[in-house]
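Please read the points with the structure open.

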Amino acid sequence: MSHEGIRYVRKDEEARENEANRPLPRIAVTPQKVRVLLTEGKGVEIDWVDGHRSAWSFAWLRDACPCATCVEERKADGRKPGQPKAKLAAVLPMYTAPAKPATAHAVGRYALQFNWLDGHSGGIYSWDYLRRSCQCPECTFVATETEGMPN
Ligand SMILES: [Zn+2]
Ligand SMILES: [Zn+2]
């Protein structure tokens, strides 16, 4: 019986990995409307052409920075995109300044870039990356691993 249990888990992980690697249809990664709620300090909302709506907090986006440095850092810590650093979460969480960009702008027609108040700005958030990182219950249920690739 335990064999079946183990096999089931493996199958499930494989299925999720396939899901993360599968190219998304163009309408799923084409934003119809992008709202960067800078003044409110809330985050980013995107209405996609396929009718889906996604929203991310700035804190999540900062911890999901797709630049090489941050990706390596998360890999070393075993963190998923959007997952805060353990030491920051454990030590004086109340004194951590909230992540907020000073400015945000589009990069060509394919991505967003933020100039974070902490001075960081290397991350290019492509529409594809953002759509795969959609935080709505429907999406997080299937695609929780956007960065689970070896190498
Ligand atoms: Zn980064
Ligand atoms: Zn979603």
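1. Helices (H or I, at least four residues) and strands (E, at least two) are DSSP runs, numbered from the N terminus; two strands pair if DSSP finds at least two bridges between them. The model is predicted: local features need pLDDT of at least 70, side-chain atom pairs count only at pLDDT 80 or more, and totals for chains, interfaces and linings use all residues. Residues are numbered from 1 along each chain as its sequence is written, while chains are lettered from A and ligands numbered from 1 in the order in which they are written.

2. Strand E2 (residues 43-48) and strand E3 (residues 53-57) run antiparallel and are joined by five bridges. Val 44 has Trp 56 of E3 as its bridge partner. Four residues lie between the strands of this hairpin, where Gly 51 takes a positive phi near 95°.

3. An open, antiparallel sheet is formed by three strands in the order E4-E5-E6. Its edge strands, E4 (101-107) and E6 (124-126), each pair on one side only. E4 is joined to E5 (residues 111-116) by six bridges, and Thr 103 has Asn 115 in E5 as its bridge partner.

4. The pLDDT, the predictor's confidence in each residue from 0 to 100, has a chain mean of 83, with 73% of residues at 70 or more. Confidence is lowest in helix H1 (residues 2-21), at a mean of 55, and highest in E6, at 98. Over residues 5-11 the pLDDT is below 50. Where pLDDT is low, the predicted coordinates should not be read in detail.

Key. Contact = placed C-beta atoms within 7 Å.
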